[in-house]
Amino acid sequence: MSQRLSNALLVRYGDTEGQRILCLHPGDKPADLAPILKDFAPDMLFGMSSLIASVAEAIGPSVSESLRTLIVSGEYLTAPVRTIFARYFPGAAFFQMYAS
């Protein structure tokens, strides 16, 4: 199942009532996502660890300081990615869901 379809199903059938959701795709470029994320001002990020790690530096402190929850899923979480999360999202609660 494609990531975009998976995200759409989560929004449609998940427990998301009253929440604003911005669905991203692993093919999106970090530089293009940075202004979108700054404007959206999320308090939670959920997605593949490699995508979140790739945008971490680009989004800057205005987004990373407001982030309260970071949930990753779908791939193995490496030590370098954990280091990136600790550096850029120090105040966020961190959860890892299923990974292969």
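Predicted model: local features only at pLDDT ≥ 70, side-chain atom pairs only at ≥ 80, totals over all residues.
## Overall fold

The protein chain contains 5 helices and 3 strands. Their order along the sequence is α-α-β-α-α-β-α-β. Of the 100 residues in the protein chain, 33% are buried. Among contacts with a separation of 6 or more, 57% are between residues 24 or more positions apart.

## The sheet

The 3 strands make an open sheet with parallel pairing, in the order β1-β2-β3. The edge positions belong to β1 (44–47) and β3 (93–96); each has a single partner strand, so one side of each lacks a neighbour in the sheet. From one strand to the next, the twist averages 10°. Strands of a sheet pair through backbone hydrogen bonds, in either a parallel or an antiparallel way.

Strand β2 covers residues 69–72 and is joined to β1 by 4 bridges, the two strands running parallel. β2 and β3 are also parallel and are joined by 4 bridges. The table gives bridge partners from both pairings.

| Residue | Bridge partner | Strand of the partner |
|---|---|---|
| Met44 | Thr69 | β2 |
| Leu45 | Leu70 | β2 |
| Val72 | Gln96 | β3 |

The side chains of β1 alternate between two faces.

## Helix α3 and its contacts

Helix α3 (residues 49–59) and helix α5 (residues 79–88) have axes that come within 10 Å and cross at roughly 45°. The two helices are therefore oblique to each other. The crossing of α3 past α5 is left-handed. On the α3 side the contact involves Ser49, Ile52, Ala53, Ala56 and Glu57, and on the α5 side Val81, Ile84, Phe85 and Tyr88. By class, the residues of this contact are 7 nonpolar, 1 polar and 1 charged.

The buried residues in α3 are Ser49, Leu51, Ile52, Ala53, Val55, Ala56 and Ile59. An α-helix has 3.6 residues a turn, so residues three or four places apart point the same way. The buried residues of α3 pack against α5, and also against α2 (30–40), β1, α4 (61–64) and β2. Ser49, Ile52, Ala53 and Ala56 are buried and also take part in the contact with α5. Just after α3, Gly60 has a positive phi of about 75°.

## Ser64

Ser64 is found in helix α4. Is Ser64 buried or exposed? Ser64 has a relative accessible area of 10% and is therefore buried, the cut-off being under 20%. Leaving aside residues up to four places away in sequence, Ser64 touches Ile59, Tyr88 and Phe89. Of these, Ile59 is one of the buried residues of α3, and Tyr88 is one of the α5 residues that meet α3. Phe85, another α5 residue that meets α3, lies 21 residues from Ser64 along the chain, with a C-alpha separation of 9.8 Å.

## Ala41

Ala41 is placed in the loop between α2 and β1. Most residues other than glycine have a negative phi. The relative accessibility of Ala41 is 48%, so Ala41 counts as partly exposed.

Conventions. Residues numbered from 1 in each chain as written. Heavy atoms only, no water. Pairing = 2+ DSSP bridges. Axes fitted to C-alpha atoms, helices over the stretch in contact; angles between N-to-C directions. Parallel < 35°, antiparallel > 145°, perpendicular 65-115°, else oblique. Left-handed = near helix turned anticlockwise from the far one by under 90°. Contact = heavy atoms within 4.5 Å. Nonpolar A, V, L, I, M, F, W, Y, C, P; charged D, E, K, R; others polar. Buried < 20%, exposed > 50% of the residue type's maximum accessible area, 1.4 Å probe, protein only.
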